[in-house]
Every structure is written in structure tokens, then in C-alpha cells.
Number of protein chains: 4
Amino acid sequence: MSQKSYNQFWLEGLVPAVFTPFQEDGELNLSKIDEYCEFLLKNNIKAVFVNGTTGEGKSMTKEERKIVAEKWIFTASGRLKVVVNVSGLNVRESIELAKHAVHIRADAIACLPPLFFKPNSIESLVDHCKMVADAAPSLPFYYYHLPAMTGVELKMEDFLITAKNKIPNMTGLKFASKDLGDLIGCLFAGKFNILCGCDEQLMGNLVMGAHGAVGTLYNFMPQVFHRLLQHLSNGEMEMAREEQIRAQKVLRLMLKHGHSLGGNVAAVKPMMALVGLDLGPPRHPMRPMTVDELIDFQRDVDLIGFKDWNPANFL
Amino acid sequence: MSQKSYNQFWLEGLVPAVFTPFQEDGELNLSKIDEYCEFLLKNNIKAVFVNGTTGEGKSMTKEERKIVAEKWIFTASGRLKVVVNVSGLNVRESIELAKHAVHIRADAIACLPPLFFKPNSIESLVDHCKMVADAAPSLPFYYYHLPAMTGVELKMEDFLITAKNKIPNMTGLKFASKDLGDLIGCLFAGKFNILCGCDEQLMGNLVMGAHGAVGTLYNFMPQVFHRLLQHLSNGEMEMAREEQIRAQKVLRLMLKHGHSLGGNVAAVKPMMALVGLDLGPPRHPMRPMTVDELIDFQRDVDLIGFKDWNPANFL
Amino acid sequence: MSQKSYNQFWLEGLVPAVFTPFQEDGELNLSKIDEYCEFLLKNNIKAVFVNGTTGEGKSMTKEERKIVAEKWIFTASGRLKVVVNVSGLNVRESIELAKHAVHIRADAIACLPPLFFKPNSIESLVDHCKMVADAAPSLPFYYYHLPAMTGVELKMEDFLITAKNKIPNMTGLKFASKDLGDLIGCLFAGKFNILCGCDEQLMGNLVMGAHGAVGTLYNFMPQVFHRLLQHLSNGEMEMAREEQIRAQKVLRLMLKHGHSLGGNVAAVKPMMALVGLDLGPPRHPMRPMTVDELIDFQRDVDLIGFKDWNPANFL
Amino acid sequence: MSQKSYNQFWLEGLVPAVFTPFQEDGELNLSKIDEYCEFLLKNNIKAVFVNGTTGEGKSMTKEERKIVAEKWIFTASGRLKVVVNVSGLNVRESIELAKHAVHIRADAIACLPPLFFKPNSIESLVDHCKMVADAAPSLPFYYYHLPAMTGVELKMEDFLITAKNKIPNMTGLKFASKDLGDLIGCLFAGKFNILCGCDEQLMGNLVMGAHGAVGTLYNFMPQVFHRLLQHLSNGEMEMAREEQIRAQKVLRLMLKHGHSLGGNVAAVKPMMALVGLDLGPPRHPMRPMTVDELIDFQRDVDLIGFKDWNPANFL
């Protein structure tokens, strides 16, 4: 079996950052992943991002994260590319997960900066990424730029310029920042695969040059975004905007309901049940909706017209 | 002479936020505005934004701001539309400047939130804007959304939805935020004139639906952006990006040099001299470049290739 | 009449940052200042801080600020020292107010940094202060350090070390930061008059070396703080803490009620009516309490036991 | 052997947050802990805080943290109380470390909030702490309040009021916030053991009512702080301040040198070598000083007079 090579790796289109299915008691609900995988395939999804923010990877133990990554790779069985988020609290934890990703034959890895002691220079961030990337030298490496949650606000253009000579398997970025000036800087910094990480400004990202997108909303409204991509490619900007505004409507719902639930994931995970896949509650420090909150939420979902959008092909 | 009406007012294309010319001793250098105006006209500019952040309006007294606004209106003499930024420290100061704008027959006004005690709710911000807009009822009113400097981070979509029923002359926004999700929300909130305020992500703004742009770079590289607009309208995305990356290159220069000068305006004002118009030093708390700093700056300007971009038609 | 000299100026004890009395319609209510002054004198107050944050100086026009400062000086007639906060939006506005303070024979002036374009270095901040201080060379000058509202987070120890050789009338600081490490640094930086600006940690400030305090709570509960000072001077720490906790109780009330009113001043100004002096509503962007809110507020004031504290000697 | 009880647990005086000794290659250097323990005992230290921020616990794997905690308990052998910081990336990781702390017979545990998904309400934070505290029901539990690094800015007074009825072994706080108003609120909220976590404002904390202190500087200048405590207890405030200013001098050195090293621990760990204990380099994302940086650092240490302070009793 031939070695996978990071040289040929390139993601385009929509990459859902998949939720992690939990049981009511908070434990993993692995068997749900089979259905989840079929659902995504039926919606023309070609790749997934596992154990990311949406997947609550940071609320899971290392052991759980390994199991979930393995399950996705086994279930996808080559039909979906699997990018595993290996970021832990510090570089040693991330290295362990990166090695595991090699072992289970992930298609690529992604990593955040360390999460307590923060790198405060390009050099330090590159060092961190190099240590993780070197632990999985056969895999494409993506840096996951999420300044609003990590507090690491360095310019990615500078990062890539420094990283490209030091990290052979540096492949690209999950760019979850709103700074499109920096995004276009990245695109001119070299041949890197730049993936939009802000679903609500996907159009802007793509026109500025992003190649694809990793995000939450592609889980439960992939058809909306497939149409957006098609309109954009046809130069039908008004029609593309009609789809794009839908992301903003969902985002606003998420912000409205997320605060009292302790986090935004708790306010979008229930959307999966609406497209036929109940993936269970979020984990602490988030909490699931009460029955009343769920009724209120569903009313809001109806109000924005979600069901009329033909959001997804159901199983 | 007929009353100007806010009903017919709509800005498109590039609106430079003009610099204020100062003498070496820091006092106003009004006569420079004549040349400046001719320069902009020669570059197909149709409107200017006076006494804004670029114009260091907040470093001027009320009296100086009135003189400068008047001078632009007199000089433009209908050839350029003149939007006057009337925002002062508090609503009373802004109202005085709004009344003056009516008096001098400005084409429109724009206003920030109060700058010390900050509105912390949509209602409070709408109240502020209403008081200012009501002081100039014949003029189109733009809210100037600049969260990074004002600290007022409210969602503009919510603002417009509330404002539209309360402020008859509410016309639109100078949207100087990177949140394109909120921008598209604004566009679907009603018929408002949304103007991009982040030069470095202009393409993204326009594709998401912004109608035009108010900014700094349109002063000294208008031809770059005119071409960008043309490419975008032709669907030539790659060529548009080639122009867009130039904004990012200038922005990076600005950030590199701006910090030690006490602010970004101090690091772009010298660009005007490069296109033939020396507009003098910035005001405190910024400082002009020393001779050595200027040499260093010009070397950087050459390095990014500014002169080869055909940035502007010279006088 | 002899020249006042900044050399002999030194504040100790409690300096209320006085509220500005407004009428129901928001206009100045100057005559209230007569009573206010008698009230403070009856409570052993020796100095006031006029047009500060508590006084909503930033919501007033320059002309109003001049009138209010003049009224206090006239009314106090030497019985209270009057420190006038002269800070405007920019250095030119502050200079004008500083000159006026000289003209009306204020006892001292205080100034914030410029409020829109912010100094980003010690040098720039010292330059700003020097320009203002030089406009009132006969008056003691205090820098008002309020990082949470101005965003200027420079270390005051560094500021004083640089300022002392450049600003002859540099007298001290209103130190409204919680960083007591920096406070003790200031005390060892030279002979400066350091005034605590955080009422809720007055004890800590005094023990670390602050000489006095400028604040809001000294307006309506001066007797609580006079007792605190006495206990501290007697070494009765437990008893001092019993008084100090009362500041925290009021602060919590202020935070609870202030948000919906648009600012904290709106939630403490009604305390003045409870000690016999109705000073009217706050100005926009704050709003006065509704009748229901006032009932709710008074219930909370009763709950913390305010009336049993013997907070002030009534007129 | 009798069960340790959280009922009788109470810390006073100085509790060093101990550094973790690493070898040049970054691996644990456990044997150094023997000497370190003797050094602390010789300096009248009665308790230590293990795997905290100073100890770079967040840069270690769970396995390493267990080994280090165990080594301290074994070495201390009852001569020092050992508080183990059990906080991991999420509650499950923290629970595992809490159980281990019971197993190795730690004297107490301390915990931060989860470090990626942050609790945004008192209830959520109490839930988190309860889950961790319940995993070590026989041990005293301290919440470690470190808002500047965790971003969790909730008021501790509110936290304690809610926690006291829900967490039987809730014992107190490591209060590493500068908000002394909240600190005094905590002291009046119930019988909790409040430990100052800001070495540079220790005096202020103690006077406001803190019972002791957990910090970095107590490692290498314990005698300075023992004297400070003695002066405070004697009512000799001026003499206490003479000692307190020394903390500020070291802090300023730390900030000066820490940034380029990637973090503050890297700039104080070398202080240990100056008192006779070389504890090796910091871990990534920090880096050790170069030879030149070390020379520069030592010059600065000499300049502030560190050696003349009689900072510690050497081994």
C-alpha cells in the first residue's frame, strides 16, 4: 500500500467539522457515526474535520479522541477524506495525537496553538507547529487559526512565509478569522490550501481566493452551500447572496440561544435532529436545551424558514 | 434652489476619507485642499468623506472642523459630493456639528457613537443617532460603525432594523468592521446604502453586497481600486485579486511603520507626497517621520512596487 | 493676591468626584451646587474633583464645563479645594480648558489622555500631558489614569519617571487602576501625590502608600470612609474592613443596575437623593431609572443596610 | 492512619508555587526536588503549590504531572503541605488528576476552569468545580481564579455564595486577580481560605483580609516576604512597603525579559539559580535565555540590588 503524500493533498468545497455523537449520559455514541457518514455522503461531502471545535474535541479525553478519529476513518473507508484535529493542551499532548493519526492512517492533521501558555511570536508558533507536524511527517499539516478562541492573533501571512521553509508537510490553514486582508496575504505567500473557517462570510472568502471551507453549518445545510458555490461559479451573485444570508440567520439563532447554554455548539447541535440525525447532548461546560428551550428554538428555526430551504438530502 | 433630499442619496464606487492638510507647525493648511480636490477629480472620484479618522477630525477643534468642511464644500462646488463626519465627544457636540453641516449645505453627514460613555444597547445607539440625525433633518445620515476604535460592538443588522422606523433620514452605514456576516445581514435588513470601511477586504465586501467604499487608500491609489472594480464587474476574479493584494501590502507597511509613529494615519499620510501632494505632518498623538524613518519607509514602498502599480493619475 | 503654587499642593483624605446637577430636561441645574457644597463641608470634605467621570464631564460641552467649574470655585470660595478635570477629546480641547482653569483660579487640574487617537508610548503620553500642563503652568497637574475606560494601559511608574523631568507642575496621579504593584512603583518613583481612584479597594491602596482618594462613593457615604481612615490609622484592621465591605456592596448594586441604564453613573446618582440632595437625571447615553426601577433599586439599597451605616451628615 | 479532613485545612503565610525542574533536553529532572524541598524548609516554608502556572503544569502531560506531584509528596513527607493543581483541558482530565491526588495522599487540590470551552455563568463554573471536587471528596478544594489567563472573569463572591451549598469540600481560593473589591466580598461571603495570587500586591491583599499567599516570588525571595509579613503584623507600614517594592522590581524585570522568551516563567526561573538551585530551562512555548540574554538579565538583577536584600537562606 503506497504512502499517502502531503504533496498531492488539497481540499476544496465543503468540509463539515463534524459533531461528536454523545449518549444522554455524556458518553460516546460511536454507532451514530455510521449513519452520520452515510448522510454526509448522500450530501456530496468529500471530507470531514474530526475532533474540532464543533466536535467538542477539547471536552474529550485523549483516549476518546483517538477512538472517535479511528471510527471515522474506519467508517469512511476512503469515501471521505478524514482530517483529524490533534491539538491538545500543549505540544506534547498534540504530538501524541499526531502520532496516533499516522497510525490510524488519517488523511491529514490540523492543530491549534498550545492553549494555556500562548506563543507570542511567529517563531514560537512555527516551532510549535513544526514539532507537531514532524510527528506525522507523512501527513499533510494544517494550522488551525482561531484567534477569537485561542487569543493567538499573529498574522497568518507571516506565519506561512516562515513556516514554508521549516515544515515540509505544511499544507495550509483552517482560517477561522474574519481578517480577509490577511487571507489574501496568505494566498500570495505561496502554494497553500486555504480553507475558510467562518461559514457566515464564505462568499467573501471564496472570492478573495479561499479554496474551500471547514465549518459547522455544512453539517446540516450542505445543499444551501452547494448551491451557493454553484451560483458563485456561474457569476450569479444575487442568487449566491440569497443562500449566504441563510448562514447569517442560523448564526444569529446560534448566538441568541448559545449564551444561556454555555456555548454555541449547544445551540447548533440540535439542528442535526432536524435533518434526521439526533447526535445527543453537548458536554460540559455546555448543557442541552430543556424541553421548553427546545420548543422555543424550533419556533425560531421555523421563523427563519429553515425547512423551506431544502437544506439537506435526508437519509 | 431645491432642497437636497436624503431620499435620492446613494453612494457607489470609491469615496476617499480625505486627509486634512496641516502646516509644519500643525495648523490647518487650507489652500492645499484646492489641489487635493483637482487631484481627486482627475482620478474619477465622485465623493469625499471629510473629518473622518483619516482626516484626524478627532484631533481638531470644533471650529477647525467647521472650517475644513466648509472649505471642501466650497472647493468641490458640486463636483464632488461631500459627506461630513460630525461626530464629537458626546451627542451635544455632534448635534452642533450636524447643524453646521446643514448650514454649509453638506451633501450628507456621518456620525460615530459618543466616544467616552459608550452606548451599550441598540436602543441607546439608535437614540444617539436619532438626536444627531434630527439636527440635520434634510441631510442623509450615515452611521459610522468602527468597533475596533469605538468599542461599540453591537450588530448593525439589529441597529438598522430598529433605526429604520425611528430615523427618517437614516441612509446607510460606513461599515468599518470585518464581520461580513453582519454586513450581509444589513443588506437584507432594508434599503440601506452600505459602504465598505475596510479597504483591505473590499472585494469580499462588494461580492457580499456592499455598494461602495469609504477609505484611506482610495486617496493615493484610486486607479488600483478602479481597476479592481472593473475586473470584479467583468467577473475577472484573478485579476481583481492582483489589485486587492496591493491594499494588503500597503496595510502591512502601515502597521509596520505606524506603531512607532503613534498611529496608522502617520504612516499613510506620506503616501500622498508620493503621488504629488504633500499634505504635511499628522497631529499629536501621532508624529511625523524623521528623515531616516522616511528613507526607510520609501525603501519599503519601493520594495512592494507601489510606483509600478500606476496608482493614480497625477495632477 | 499671591500666586498659587503647585509646589505646596498636596491632597489627602477623601476627594469626592462630584456629580453634575441636571434638570429634568437635561440642562445644567447650577443652583443645586450651593447646597451640594454645604453638604460636603458638613461632612468634613476638603476638596472636590469637578467634571470628572462621575460628573459626566464627557457628556457636557466645553462651555458647560467652564460654567460648572466656575460655579464650584465661586461657591466653594476657598472652603474646598477645587480640582478641575480639563480633559477633552484631544489635546487642543484640553489646553483650552486648562487655560480656563487658570483664569477661574482653580486649585489644580487633572487630565486624561486624548480619547480617540490614543497615545501608545510613554513618550507620547508625556508629550500630551506636558502640552496641557504647560497651558496652566501655575497650577498643580494630575494625570488621571483610567485604563479601563481610556484603553491607555501604560505603567504609571514609567510615566512618572519620564514626566518628572519634563513637566514642572507634575504633581501626582488620580490612579484609577487596580494594579497596586504599579501604584507602589509610583510611590517609589518620586515625590508624587498618589490618589486612589478605586473606592472599593481604598484600604489596600492606602496601606500600599496612597495619600488620599478621589472617587464617587465619597459623595454619599463620606462618614463610612472617614471611619475607615480612622480605623486604619488606629491599626484596627477588622473594623476598617467592616467599613470597606460597604463600598463593595454599593459597587455591586451599581453594576447590577447600571447596565440597563447605560452606565454606572446612572445607578449611583440616585444615591444622592437618599442623603437629601436630588441632583437630577444623568445625561445620554445613560438614562434615569423608571419609577419601577427606582422602587427596585431602593429595595436593594435597604437590603444592604445603607441607611443603618450612618453614611453622611445630612444638611 | 486517620483520614485527612478538609474541615481542618487552612493555609497561611507564604506558599510557593513551585517550579518544575527540567533537564536541558526538557525532560523531568526529579532528583532536583529533594534539594528544592530542603531549601524551602530552610526558609520556613510550610506548604507548596505543585503543577501550577509557575510549575508549567499546563506544558506537561498528565503522566508527568502525576509523577511530579507524587515526588513532592514523597519528598515533603509531611514536612510541607502539598496542594496539587489538578486542572486539565476539560473536566474529565481534571477529574482524573483529582482522583490521582487522593490516591497519592495530597493535602489539597486546586483547579482552574476548563481551558478551551469556558464557563460563562456562575452555575456552570460551580458545576465544573463540583465535578472535580467530588472526585476527591476527602480533600480540601481550592478554586484557582486566574482571569487574565483563563478569560473567566466571574465575580468570586458570587461563586463562593453559590458553591458553598453545593461543594462540601470547597475550602477557598487562590485569588490571582487584582480586584480587591471582589476579594473583600469573598471574605464576607463565608468562612473561606483566601490566598493572594498577586505577589506584587500582597500587602494590599493581606490588609483587605487575605489569609496567605500562593505565588512565584516566594520561591527565591522568601525572606523578603517573611519580613514583610512581620512588619505588617507589627504595624510598621513604611518598612513593609520597603519590602513590597522589591516584588514590583522583580516583576518589572520579569515583564522586560519575559516577552522575548515567550512567557514570564522563563524570566523568573533563572532567579532560582541565583539562590543556589538551577532548575533548568522552561518548556515550549517558552525558551531559555541565551548566554547574552542571561548576562543582560543578571546585570538587571544586580541593578535592582537583589543580592543585597538577603532574599533567602541558602542551602
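Which side chains meet in a salt bridge with an N to O distance of 2.7 Å, one of them being that of Glu96(D)? The side chains that meet are those of Glu96(D) and Lys66(D), a salt bridge being a side-chain nitrogen of Lys or Arg within 4 Å of a carboxyl oxygen of Asp or Glu.

## About the model

This is a predicted model, in which local features need pLDDT of at least 70 and side-chain atom pairs count only at pLDDT 80 or more, while totals for chains, interfaces and linings use all residues. Residues are numbered from 1 along each chain as its sequence is written, chains are lettered from A and ligands numbered from 1 in the order in which they are written, and side-chain values use heavy atoms, with hydrogens and water left out.

## Charged pairs within chains

Side chains of opposite charge can pair when their charged atoms come close. Over all chains, the count comes to 88 salt bridges. The pair of Glu96(D) and Lys66(D) links distant parts of the chain, since Glu96(D) lies in helix α3 of chain D and Lys66(D) in helix α2 of chain D, 30 residues apart; helices here are DSSP runs (H or I, at least four residues) numbered from the N terminus. Glu96(D) is partly exposed, with a relative accessible area of 28%, where buried means under 20%, exposed over 50% and partly exposed in between (1.4 Å probe, protein chains only).

In chain B, the side chains of Lys130(B) and Asp134(B) meet in a salt bridge at 3.1 Å, N to O. These two residues both lie in helix α4 (residues 122–134) of chain B, four residues apart, which is about one turn of the helix. Lys130(B) is partly exposed, with a relative accessible area of 28%, and Asp134(B) is likewise partly exposed, at 39%.

## Where chain A meets chain D

At this interface, 38 residues of chain A are in contact with 38 residues of chain D, contact meaning heavy atoms within 4.5 Å. The two chains bury about 3200 Å² between them, 61% of it on carbon and sulfur atoms; buried area is the accessible area (1.4 Å probe) that two parts lose on being put together, summed over both. Arg92(A), Phe116(A) and Phe117(A) supply 26% of the area that chain A buries against chain D, more than any other three residues.

The count between chain A and chain D is four salt bridges, and the side chains of Arg92(D) and Glu64(A) meet in a salt bridge at 3.4 Å, N to O. The elements that give two or more residues to the side of chain A that touches chain D are α2 (62–76), α3 (91–103) and α4 (122–134) of chain A, and the largest share, four residues, comes from α4(A).

## Where chain D meets chain C

Between these chains, 28 residues of chain D are in contact with 28 residues of chain C, and the area buried is about 2300 Å², of which carbon and sulfur atoms give 66%. In chain D, the residues that lose the most area to chain C are Phe188(D), Val207(D) and Arg252(D), together 23% of what that side buries.

Four salt bridges are counted between chain D and chain C. Arg252(C) forms a salt bridge with Glu157(D), the closest N and O atoms being 3.4 Å apart. On the side of chain D that touches chain C, α10(D) gives the most, with eight residues.

## Cysteines

A disulfide is a covalent bond between the sulfur atoms of two cysteines. A search of the whole structure, taking a disulfide as a pair of cysteine sulfur atoms within 2.5 Å, finds zero disulfides over all chains. Cys198(B) is in no disulfide, and the nearest cysteine sulfur, that of Cys196(B), is 5.8 Å away. Cys198(B) counts as buried at 7% relative accessibility, and Cys37(D) is buried with a relative accessible area of 0%.
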